[in-house]
Amino acid sequence: MTNEPIDLRAVLTTFDDLWSPRIAARINDYDIRLTHVKGSYIWHVHDSTDELFLVLEGELSIAVRDPDERSVSLPAGSLFVVPKGIYHRPYSDGGAQILVIDPANTPTTGDTHDPLPTHIKTHTGITL
């Protein structure tokens with residue numbers, strides 16, 4: 001990691017993979033992850049951690065089961081925290097650029113998830 005300012009827009013220009021976050025920074029034991037999203041992710045759950053989503057560009061929706069299924073819409077500049085233990089599925093019809101905060105080494109697909117389509121891989125973020 002660096003002790004210099006990080007230009008989030010510049011980081012996002014270094015890759016175009018969807019649903020494949022890059023670790024832009026770390027604060028204490030938390031990763032600051034940046035990613036491009038479009039289409040639908042999978043239903044998944046993080047059993048022991050909350051997950052923060054901040055929309056930088058575009059619009060993101062997050063379907064949650066808490067306990068009934070509902071959808072939260074996030075325009076650019078909005079954030080939402082999915083509490084631990086809540087199944088959720090992010091999606092974006094038009095595409096978005098988002099920042100996600102998770103504890104370091106947290107799998108992107110959670111502790112339990114639906115079957116993975118070919119465009120989604122489990123990992124813990126890719127270091128820049």
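Residues are numbered from 1 along each chain as its sequence is written, and side-chain values use heavy atoms, with hydrogens and water left out. Because the model is predicted, local features need pLDDT of at least 70 and side-chain atom pairs count only at pLDDT 80 or more, while totals for chains, interfaces and linings use all residues.

**Strands β4 and β6**

Helices (H or I, at least four residues) and strands (E, at least two) are DSSP runs, numbered from the N terminus. Two strands pair if DSSP finds at least two bridges between them. Strand β4 covers residues 51–65 and runs antiparallel to β6, with 4 bridges joining the two. Within this pairing, Glu51 stands opposite Val82 of β6.

Strand β6 spans residues 79–82. In a regular strand the side chains alternate between the two faces of the sheet. Phe80 and Val82 make up the covered face of β6, whereas Leu79 and Val81 make up the uncovered one.

**Salt bridges**

Side chains of opposite charge can pair when their charged atoms come close. A salt bridge here is a side-chain nitrogen of Lys or Arg within 4 Å of a carboxyl oxygen of Asp or Glu. The count by this rule is 7 salt bridges. Three of these pairs are listed below.

| Pair | Closest N and O atoms |
|---|---|
| Arg9 and Glu57 | 3.8 Å |
| Arg33 and Asp102 | 3.3 Å |

For accessibility, buried means under 20% relative accessible area, exposed over 50%, and partly exposed in between (1.4 Å probe, protein chains only).

Arg9 forms its salt bridge with Glu57. This pair links distant parts of the chain, since Arg9 lies in helix α1 (residues 8–12) and Glu57 in strand β4, 48 residues apart. Arg9 is exposed, at a relative accessible area of 62%, and Glu57 is partly exposed, at 36%.

Arg33 forms a salt bridge with Asp102. Arg33 belongs to strand β2 (residues 30–40) and Asp102 to strand β7 (residues 87–103), so the pair ties together parts that are 69 residues apart in sequence. Arg33 counts as buried, with 1% relative accessibility, and Asp102 also counts as buried, with 2%. Arg33 and Asp102 are linked with Arg26 and Asp31 in a network of salt bridges.

Arg65 is partly exposed, with a relative accessible area of 35%, while Glu69 is exposed, with 53%.

**Backbone geometry**

Most residues other than glycine have a negative phi, and most peptide bonds are trans. The residues below depart from one or the other of these patterns.

Asp66 and Pro67 are joined by a cis peptide bond, with omega about -5°. Pro67 is placed in the loop between β4 and β5 (69–75).

Trp19 is not a glycine, yet its phi is positive, at about 55°. The residue sits in the loop between α1 and β1 (22–27). Trp19 is buried, with a relative accessible area of 6%.

Asn105 has a positive phi as well, near 70°, and is a residue other than glycine. Its place is the loop between β7 and β8 (112–113). Asn105 is exposed, with a relative accessible area of 58%.
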